[in-house]
Every structure is written in C-alpha cells, then in structure tokens.
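Hi there,

Here is the structure I promised to pass on to you. My notes on it follow below.

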Amino acid sequence: MHSLSRRSVTAVLRSGAARHRPIYSLQHHLSGESDPTKRWCSVLTTGGNIAIGATTSFNLRKGPLMGCRYETTAAASSPPPPAEKYEYQAEVSRLMDLIVNSLYSNKDVFLRELISNASDALDKLRFLAVTQPDLLKDSVDLDIRIQTDKDNGIITLTDSGIGMTRQELVDCLGTIAQSGTAKFLKALKDSKDSGADSNLIGQFGVGFYSAFLVAERVEVSTKSPKSDKQYVWESEANSSSYTIREETDPAKLIPRGTRLTLYLKHDDKGFAHPERVEKLVKNYSQFVSFPIYTWQEKGYTKEVEVDEEPTDANKDEQNETTEKKKKTKTVVERYWDWELTNETQPIWLRNPKEVTKEDYNEFYKKTFNDYLEPLASSHFTTEGEVEFRSILYVPSMTASGNDDMINPKTKNIRLFVKRVFISDDFDGELFPRYLSFIKGVVDSNDLPLNVSREILQESRIVRIMKKRLVRKAFDMILGISLSDDREDYMNFWRNYGKHMKLGCIEDRENHKRIAPLLRFFSSQSEEDVISLDEYVDNMKADQKDIYFIAADSVTSARNTPFLEKLVEKDIEVLFLVDPIDEVAIQNLKSYKDKNFVDISKEDLDLGDKDEDRDKVMKQEFGGTCDWIKKQLGERVASVQVSNRLRTSPCVLAAGKFGWSANMERLMKAQNVGDTSSFDFMKGRRVLEINPEHPIIKSLNEACKSSPNDADALKAIDLLYETALFSSGFTPESPAELGGKIYEMMNMALLGKWGSSTAAHSQQQVDATSVPETVEAEVVEPAEVNAAQK
C-alpha cells in the first residue's frame with residue numbers, strides 16, 4: 001500500500017493554488033469491497049489521483065477544512081486587490097509589548113487563548129442560528145481544527161464559527177480589548193432574551209495578542225455569513241501597524257469562520273510539533289464544548305508478500321529446479337488524518353446520579369496521576385450569588401514530607417473557567433493552607449480573573465467561593481468520620497491529623513467544624529485515639545471541664561504526678577503528645593460549652609474542695625511553705641499545699657497564664673540558643689507539696705526544730721530539682737543536680753550499712769599496720785663447736 005504524504009496543510013496553502021489543490025477527505029476500502037464501515041483519511045493531492053493499493057477506491061466529498069472543492073486555472077485568476085495598511089491604537093502597541101514581556105508568565109497559554117476565542121465564535125454562531133438558520137447553510141459542523149507544520153514552524157487553527165467582516169477586523173484586532181463577544185453579551189443583557197445560553201468566555205482583544213508570545217507573524221483569514229467576501233488580517237510582532245486585504249485565492253477560501261496562521265519564532269518552533277499541540281489541548285482545553293481536531297500521523301497494519309531465497313535441493317532432487325517460496329509479513333502504513341483530541345462532556349457537568357463511584361475514581365487517577373483510590377469524593381453545584389461546579393477528593397495518602405503544611409502553593413486544585421483550564425497554582429485563594437491536601441476541579445462561569453486569566457483577583461466572589469468549598473470539604477471529611485468502618489477515618493487521621501490541628505490555629509471561623517474531627521489519646525485510651533464527642537459522653541455527671549496534659553509521649557503523660565488524683569477519681573484526661581496539640585487546644589478554648597483545662601497549671605479545681613481541711617493544712621504547713629519559699633527564692637513564685645497529689649511529695653505547677661512545662665520545652669528548642677527573651681516569656685512556677693508524704697512531714701519537723709540545718713536546706717534544694725524533672729521542666733544545671741543526688745545517696749547508704757562497713761575497714765587497717773611475729777630458733781653451744789670443727 002502506498003504511504004501517504006506527510007506534508008501539512010499549511011505547507012500546501014503557502015505553496016499556491018497553481019501547484020496544489022485544497023485538502024480533501026478520501027474514503028478507501030481496505031477490503032476492496034463497499035461496506036458501511038468505511039474509514040476516512042485526509043491527504044494532500046498533488047494534481048493526480050493517488051492510489052492506495054489495487055483494491056482501494058476514492059470518493060471526493062466535502063472537505064472538513066475547506067468545505068467544498070474549488071478548481072483554479074491561470075486564466076481565471078485576477079490580480080488581487082492591494083492590502084490596506086492600518087495603524088494600531090497607541091495603547092495596542094504598548095499592550096503587545098506588555099503581553100510578550102510581562103503579562104503572561106507561561107508561553108503555553110497562547111493556544112488556550114486562541115482556542116477560547118474560537119469557542120466563542122462557535123458559541124455565538126450557535127446562539128444566532130436559533131433564530132437565523134441560514135447562518136449554518138455553508139457548513140453545518142461546528143468544530144475547531146489545529147494543524148502543524150513542524151518543518152517550517154507553522155501552526156494553523158481553523159474554526160467554523162461566526163467569522164468577521166472587514167470592519168469587525170478593524171474594530172476587534174486593531175483596538176485594545178475591543179471584543180465582538182463583549183458587545184454581544186452586553187446586547188444580550190439589554191435584551192429580553194437575557195436568560196438564554198450565553199456561555200462565552202474569551203474575546204478577541206487581549207487573548208488574541210497572546211499569539212505574539214510565540215509567533216513573529218500572524219495571519220487571520222476570516223469569512224462572515226454577513227459578507228460575501230473573505231478578508232485577511234496580517235501583522236508582525238513588535239509592529240505598529242497591520243494590513244487587511246481581500247482573499248482572492250480560491251484555494252484558500254473557507255465557507256465560514258476564521259483561520260489563524262502562526263509563523264513561529266525561531267526559538268518557539270517546538271510548539272509546531274503535533275505531539276506538543278496535542279498535549280497543550282488536553283491540558284488546557286480538554287473540556288471545551290466543541291470538538292477539537294488535531295492533525296496527527298497515524299498508521300495501520302497490512303500483510304504484504306515477500307520473496308525468500310531458494311533452498312538447497314536434496315541429493316535425490318539435485319537436477320530438479322527449486323521453486324521460489326512466497327511468504328507474507330506485516331508492515332505498518334503511515335498516513336495523516338484528523339483526530340479528536342478533547343472530551344466534550346466534563347464529568348463535573350454530568351448529573352451526579354448518573355456518575356458511578358468507579359467513574360469518579362477513574363477521573364481522579366487520570367487527572368492527578370495517583371494510583372490509589374481516594375478516601376472520599378464530593379460532586380456538587382452551588383447556585384445563588386456565585387455559581388460553580390466542583391468535584392473534590394480526599395487522597396488516600398499525603399504527600400511525602402508534609403510539604404503541603406509548609407507551602408500553601410500546591411497543584412491540587414485545577415481551576416476552569418467555562419471549561420477552559422486556567423491554573424493549578426494558587427496561594428490560598430481557594431483553600432486555606434491546612435486544607436491544601438484536598439484535590440479537585442472547580443469550574444466557574446463568572447470567576448473574576450486578571451487580564452492574563454492566570455491570577456485570581458481578591459474579590460467578594462472569590463471569598464464566597466472559598467467559604468463554600470471549605471464547607472463542602474468538611475462535609476466530605478465528616479462523612480469519612482461517620483463511616484461504619486472505623487479504619488477509614490484512622491487512615492485519614494494518620495495522614496491529615498496535623499492539618500486539622502493546624503486549622504484550629506489558623507481558622508477560628510470553622511472551629512465548630514474542625515473540633516468533631518480531632519482525635520487524641522487519653523488516660524483511659526492509650527492505644528486508640530478518641531474524639532472529643534467520645535470524651536464528653538464518658539464525662540462524670542458532676543464534671544464541668546475537659547482535662548488535658550501535654551507531654552512528649554504517652555508514657556511521659558501517663559507517669560506524670562499531675563495525674564494521680566484524677567486517676568484515683570476515674571476522671572479521663574486527654575494526652576496531647578504532638579507538639580502542635582497544645583496550641584491547637586488553646587485556640588479551640590472549649591467544646592460543647594466545656595472548657596479545656598490544663599492539669600499542669602496552678603489552682604486546679606476538681607470540684608471537691610474541702611475548706612475545713614484546707615484551713616487545717618494551711619495552719620499546719622503554712623510555716624513550712626514560707627520556709628521552703630525563702631530557701632528557693634525567685635526560683636518559684638510561691639509554695640502551696642497541694643490537693644492533687646497522692647504518692648508524690650511535691651509537684652511544680654505552671655502559672656495559670658504562663659507556659660506549661662511542655663510549651664516551655666518546645667519554645668526553648670526553637671530559640672536556637674537565644675535565651676534573651678525566653679526568661680521574660682516563661683511562666684511563673686508554683687511548688688505544691690503533699691502534706692501526707694513522709695518527706696514533707698520530715699521537712700515540717702525540721703522547719704519547727706532546726707530551720708537552719710544545712711542538711712534540711714540541701715533537702716529542699718534537691719526536692720525542687722527533682723520536682724523539675726517529674727513535672728516536665730528542664731533543670732538549669734543537670735550536673736549540679738547529679739552531684740546532689742550522689743551526695744544524698746551516700747548519706748542514705750551510710751545510714752543503712754555504714755557501721756558494719758566501717759568496722760570491717762578498721763580491721764583491715766589494723767591488720768596491715770601490725771608487723772608479723774617471727775619465732776626464733778634456739779641453737780645449743782655444743783652443736784656450734786661441732787660445726788666449727
């Protein structure tokens with residue numbers, strides 16, 4: 001089969017009608033028989049008939065681009081009328097320079113703008129054709145076609161829309177932000193038919209000039225049903241003028257609509273690759289309501305015969321001739337044809353009742369390149385002051401590193417305006433930072449954008465949209481928490497629990513929506529987190545507050561001395577073990593009219609105060625408290641008799657309005673060695689003593705009998721230093737504290753084993769100081785004389 005020519009339409013059009021004919025759609029029968037399943041392909045004819053295989057036949061029909069066939073001869077041609085030159089408005093010249101150098105941050109958007117303009121022209125035609133059916137007589141199909149010539153760096157975009165007259169070319173393309181669409185909308189609003197479909201987005205004007213981002217020359221050929229003539233507008237980048245002429249070349253005539261030809265700059269010729277254009281269309285204009293066709297290279301397989309070398313004959317058949325065997329192989333024939341690139345019906349425009357869960361999940365995976373199904377989705381439409389459609393998702397897993405909490409600029413929300421993709425790079429305009437993990441699409445018909453359509457303008461409409469999106473996001477998360485499968489929400493909490501706590505700090509308006517979603521460990525649930533609703537349901541009948549303790553781990557919180565009496569009374573205490581927990585709870589302040597109370601702060605009221613007992617204890621230990629305070633000095637604000645201790649001798653409580661021990665530890669870690677402001681900001685400390693403990697009783701006796709005893713004063717210092725540890729504070733000099741503990745250990749050990757150890761040591765000393773007695777041998781005189789002889 002013959003391989004079709006790869007030359008683009010634009011190359012043919014530029015080469016002139018005398019050598020080439022316009023594009024036609026050719027129909028061939030792969031099977032050689034006429035059947036209803038005929039495949040269409042578009043080719044370029046070069047003057048003669050093109051045969052594709054022996055069994056292929058062709059039928060010329062109305063071309064998809066040209067609309068009909070035109071024959072040209074040299075005798076029929078006449079000199080074209082001269083082009084008229086026009087000067088831009090001064091503002092337009094400056095605007096073009098601004099567009100190319102400053103306005104658009106990304107060159108890719110030029111195709112989005114041009115497709116939006118083409119979609120407007122088609123929309124306007126469709127609307128007017130309701131009352132003027134004759135407008136569609138030349139070409140019924142409403143579509144957009146994009147063709148590229150990568151060798152020459154040319155992009156051609158053709159629409160079968162309303163087109164423009166000569167005067168409209170001057171008004172729309174030579175005047176700043178002068179738009180036929182804008183005028184049409186204004187007339188629509190002033191008319192009685194204002195409620196009709198006016199779903200138009202772009203406008204010739206600023207959007208059109210984005211073509212000069214990549215093109216050094218732009219040619220606009222347009223034909224309006226209101227005019228019998230077709231006109232060509234042409235201008236170059238950085239030029240202060242443009243020309244308009246009548247199109248007289250029959251090969252370039254179109255029945256209706258507009259054809260834009262972009263001659264790309266040298267550095268931007270990469271945009272003329274078919275794959276690049278297809279990618280831009282799918283990214284920005286995938287959901288435009290009209291079909292968009294791109295000129296793509298395709299292929300199909302066929303079987304062809306091949307000759308095989310003759311084989312050696314057998315010995316018995318050496319004199320016989322060997323017949324040539326014929327075999328077949330599969331080859332791929334290449335050709336060029338139009339391919340539908342966009343989906344005309346976005347999923348968010350469909351009725352939610354008609355969309356299955358599988359459809360939502362498939363759209364999520366495809367749009368956000370995720371291989372896991374989302375935890376939940378929400379498809380909704382809002383009406384009233386602001387109308388928009390949206391689909392939101394909660395991903396199954398958070399991004400690695402929790403970067404979303406730090407950087408609010410995510411690409412999780414894709415914003416469309418009238419189904420045209422605008423941006424996915426936002427800085428908190430649509431969602432607050434703590435909900436940055438939410439993914440989805442938002443499509444609005446009247447969202448205010450700046451002139452480049454890339455940056456949202458702060459306005460009342462945007463604020464209303466943000467409020468409604470946040471509300472729907474919370475409804476979706478609440479649905480997960482109410483699921484019958486508890487593990488669903490546990491998965492959400494493990495991934496996004498910190499985001500919810502951050503919301504308590506940053507979003508006071510939504511505290512009532514955030515609070516039911518929070519989860520914490522507690523003194524009665526150390527393995528599984530519980531909700532605040534579960535805590536309130538388990539509260540004692542006379543309990544008025546929600547109690548909590550902040551620590552660095554569940555183990556530390558469980559062993560804190562502040563918990564002793566509450567455990568004895570079976571009162572549940574929340575364990576705040578994440579660094580952000582305490583700040584989140586402090587900003588929340590209360591839940592269901594129950595105040596949050598930190599049990600590590602002074603003046604803890606458990607509702608069981610005994611004034612008579614307190615009076616007796618104050619009289620008994622009041623002097624001891626003053627004595628200890630005098631010894632500790634400024635290290636504590638006061639010394640009081642505690643009503644929260646049972647087994648510990650004392651505890652160091654934080655001031656009611658100061659930092660807790662946990663907060664002081666966190667703030668000290670963030671000071672990066674700068675303690676100049678730390679001493680000023682840390683809270684006052686109150687030493688609470690347990691009058692029932694033997695150590696306190698002993699100190700009480702020492703205060704009465706020998707208040708100046710050195711050992712008693714050392715015991716007070718050690719008591720305070722130990723309370724620092726047990727209460728969660730950090731001692732100022734750990735080495736000094738260690739020396740005091742060693743000294744007290746030595747005293748205790750000597751008191752228990754000191755006498756026997758000393759006696760044993762003395763015996764060893766005496767044994768080594770007394771010399772050993774040596775017994776002398778007595779020798780007789782006779783024995784000595786005998787030895788001498």
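This is a predicted model: local features need pLDDT of at least 70, side-chain atom pairs count only at pLDDT 80 or more; totals for chains, interfaces and linings use all residues.

To read the element names below, take helices (H or I, at least four residues) and strands (E, at least two) as DSSP runs, numbered from the N terminus.

Is Asn510 buried or exposed? Its relative accessible area is 10%, and since buried means under 20%, Asn510 is therefore buried. Leaving aside residues up to four places away in sequence, Asn510 touches Tyr434, Val470 and Phe474.

Now the overall picture. The chain has 23 helices and 25 strands. Of its 789 residues, 47% are buried. Looking at contacts between residues at least 6 apart in sequence, 74% join residues at least 24 apart.

Next, some strands. Strand S13 (residues 388-394) is mostly covered, with six of its seven residues buried. S13 pairs with two strands that I can describe for you, S12 and S16. Strand S12 (residues 376-382) runs antiparallel to S13, and seven bridges join them. Thr382 has Phe388 in S13 as its bridge partner. S12 and S13 form a hairpin with five residues between them. In that turn, Gly384 has a positive phi of about 120°. With strand S16 (residues 439-444), S13 also pairs in the antiparallel sense, here over six bridges. Across that pairing, Arg389 stands opposite Asp443 in S16.

On the subject of backbone angles, most residues other than glycine have a negative phi. Which residues might you look at with this in mind? Asn369 has a positive phi of about 55° although it is not a glycine. Asn369 is found in the loop between helix H8 (357-368) and S12. With a relative accessible area of 71%, which is over the 50% cut-off, Asn369 is exposed. Lys592 likewise is not a glycine and has a positive phi of about 55°. Lys592 lies in the loop between strand S21 (590-591) and strand S22 (594-598).

Then there is a pair of helices. At what angle do helix H17 and helix H21 pack? For helix H17 (residues 611-632) and helix H21 (residues 710-726), the angle is about 80°, and their axes are 10 Å apart. Since angles of 65 to 115 degrees count as roughly perpendicular, H17 is therefore roughly perpendicular to H21. Trp627, Ile628, Gln631 and Leu632 are the H17 residues that meet Ala712, Leu713, Ile716, Asp717 and Tyr720 in H21. By class, this contact has seven nonpolar, one polar and one charged residues.

Last, the cysteines. How many disulfides does a search of the whole structure find? The search finds zero. Cys625 is in no disulfide, and the nearest cysteine sulfur, that of Cys703, is 9.3 Å away. Cys625 is buried, with a relative accessible area of 6%. Cys172 counts as buried too, at 8% relative accessibility.

How values were computed: Residues are numbered from 1 along each chain as its sequence is written. Side-chain values use heavy atoms; hydrogens and water are left out. Buried means under 20% relative accessible area, exposed over 50%, partly exposed in between (1.4 Å probe, protein chains only). Two strands pair if DSSP finds at least two bridges between them. Contact means heavy atoms within 4.5 Å. Axes are lines fitted to C-alpha atoms, for helices over the stretch in contact, and angles run from 0 to 180 degrees between N-to-C directions. Angles under 35 degrees count as roughly parallel, over 145 as roughly antiparallel, 65 to 115 as roughly perpendicular and the rest as oblique. Ala, Val, Leu, Ile, Met, Phe, Trp, Tyr, Cys and Pro count as nonpolar, Asp, Glu, Lys and Arg as charged, and the others, Gly among them, as polar. A disulfide is a pair of cysteine sulfur atoms within 2.5 Å.
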